[in-house]
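Subject: Structure for you to look at

Hello,

Here is the structure I said I would pass on.

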Amino acid sequence: MSKPVVAIVGRPNVGKSTLFNVLAGEMISIVKDTPGVTRDRIYADVDWLDREFTLIDTGGIEPDSRDIILSQMREQAQIAIDTADVIIFITDVKQGLVDSDSKVADMLRRSGKPVVLVVNKVDNFDKYMADVYEFYNLGIGDPIPISAASRLGLGDMLDAVIAHFPESDGTEEDDDRPRVAIVGKPNVGKSSIINRLLGENRVIVSDIAGTTRDAIDTEIVHNGKEYVFIDTAGLRRKNKIKEELERYSIIRTVSAVERADVVLMVIDATEGVTEQDAKIAGIAHERGKGVIIVVNKWDAIEKNDKTMREYEAKIRQVLSYMPYAEIMYVSAMTGQRLPKLYDMIDMVIENQTLRIATGVLNEIMTEAVAMQQPPSDKGKRLKLYYITQVAVKPPTFVIFVNDKELMHFSYTRYLENKIREAFGFRGTSLKFFIRERK
Ligand code: GDP
Ligand code: GDP
C-alpha cells in the first residue's frame, strides 16, 4: 500500500532541516541502504504509532536576498501542495510572525490541503507560550509549539499529522487499476512517451477518486483495460540552478513512486545510463516497487548486433542493486515497442502480487541447502528451519534459522536466486527477513 507523503515548508532558518533530521534520525523505521546510491537527505521514512509516512524537506538551497525569499517560499509551498498529503508549515517563535508567513499561509489555505501549523524554537514553554498565540492570526488552525532542537512537542505534532491520513482501509483499495509512474531525468522523453501512449488510445484525463492531489493522473485504456499513468514531467521550472532542479525532481519522483505499483525508469539511449539515473532508480528500489527500465530514443543511436547487449551490460553495472529490473528499448518518436509496455506492466504487477505456497517454498529451500551447504562460524553451522511468504508488493519472505548471525548476506542472495529460478519474479525486488527459532 502506498504511504502518505508529508512535506515540511517554511522560511529560511526556522528549523526545517533540524526538524527533518530529528524525525528522520530518531523515528526512521527501517534503514534501507541501496549500494551505489548516494543519499542526500531530501526524504525519509518515518514511523509514528504504527503509521508510516514519507517525509519530504522542500527547503534546500536558500536564497540570500530578502526579496526572493517570498517567491522561493511560494515555490516550495507549491511543490508541497502538488506532492504531499499533509503539509507541516513551520514558523519561528523567535522571529515572530512575518509577512511572508501570512502570504504562504493564504496559499496553503486556498489549496485545501491539510496543514499542520508548527511554531518552532519554543525551547521553554513557560517563557514563550504567550508568543505562540500570535500565530492563530494565520488562520490555518491551532499553532503547535515545538522545539526541534530540544525535541519538545514532537509527539503532539505527529499526532496532528497522522490525524489527517486517510484510514488505512480506505478508498484506495477499491481502485485496482495498475498505477504506473514514469520517472527519469529531464529530457529523457517522459512526456513524449505519455503523449505517444495517449495518441494510440482513448483517453480520459481524470481526477482520481480518493486522492487529494492536484497533480493530474492520466488514465489510458488499452485493450479494454484501464491504466493510470503518474507523470513527473509536468512541472517545468525555468532559470533554476541545477541543484535546485534536481532536488525538486527528486521530491516529485518520491511522491509519484510512492503512489505507483510499477515504475517506468526512463533512460536516454543517446546519453547512456548515469549516476543520476542510479539515484532516481534507487527510489523505486528502496520502496519495493516493480521496475521496468525503459531505454528511450532507441531510434537515435547507431546500432549493430551487439548494441543491445552492450547497453544491458552497462545498465546492469550502474544499477547493480536491481538485477531483477526488466529492460525495454523503445522510441517515443517512432513508437517502436511502446505497445509492448502494457504486457510488461501486467507481468510485473502479477509478479509483485504473486504468492507462493509454503510447502513449495520449503521444498525449494531444502533442495538449495542440499546443493550448497549453509555457512558456519567457529564450529557452529547455520540451520534453516522454515521459509514462508508473509506479504506481497513486494513479495516478502521470512526464514526461520537457528542463529541469525550465521545467515550471511551471500547465502540469502543464493536462496533468492533459487526462488527466482523457480518462479521468476521478474521486475520486482524480493524482501527477506531472518528470524531465530530456538
Ligand atoms: P532551516 O533553514 O529552516 O532548515 O533551519 P535550520 O534547521 O538550518 O535551523 C536554523 C537555525 O535554527 C539553526 O541554527 C538551528 O540550530 C536553530 N534551531 C533549529 N531548531 C531550533 C529550536 O528548536 N530551538 C532553537 N533555539 N534553535 C533552533
Ligand atoms: P521529458 O523531460 O523527460 O518529459 O522529455 P520530453 O518528452 O520533453 O523529451 C525531450 C526531448 O527528447 C524532446 O526534444 C523530444 O522530442 C526528444 N525525444 C523524446 N523521445 C524521443 C525518441 O524516442 N527519439 C528521439 N530521437 N527523440 C526523442
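The notes below go from the whole chain to the ligand and then to the cores.

Please keep in mind that this is a predicted model. The chain has 438 residues, and 38% of them count as buried. It is built with twelve helices and 18 strands. Taking contacts between residues at least 6 apart in sequence, 74% join residues at least 24 apart.

Ligand 1 has 17 residues around it, and G15, K16, S17, T18 and A149 come nearest. Which element gives the largest share of this shell? That is helix 1, residues 16-27, with three residues. Sorted by class, the shell around ligand 1 holds nine polar residues, four charged and four nonpolar.

Next, the nonpolar cores. The largest one has 100 residues, and within it F89, V180 and M265 touch the most other members. This core takes at least three residues from domain 1 (3-161) and at least three from domain 2 (177-351).

Once neighbours within four places in sequence are left aside, V180 is in contact with Y227, V228, F229 and I230, with A260, V262 and L264, and with I345.

Regards

Methods. Residues numbered from 1 in each chain as written. Chains lettered and ligands numbered in written order. Predicted model: local features only at pLDDT ≥ 70, side-chain atom pairs only at ≥ 80, totals over all residues. Near = placed C-beta within 6 Å. Helix = DSSP H or I, 4+ residues; strand = E, 2+ residues; numbered from the N terminus. Nonpolar A, V, L, I, M, F, W, Y, C, P; charged D, E, K, R; others polar. Core = buried A, V, L, I, M, F, W, Y, C linked by C-beta atoms within 7 Å. Buried ≥ 20, exposed ≤ 12 C-beta atoms within 10 Å, placed from the backbone. Domains from an automatic or database assignment. Contact = placed C-beta atoms within 7 Å.
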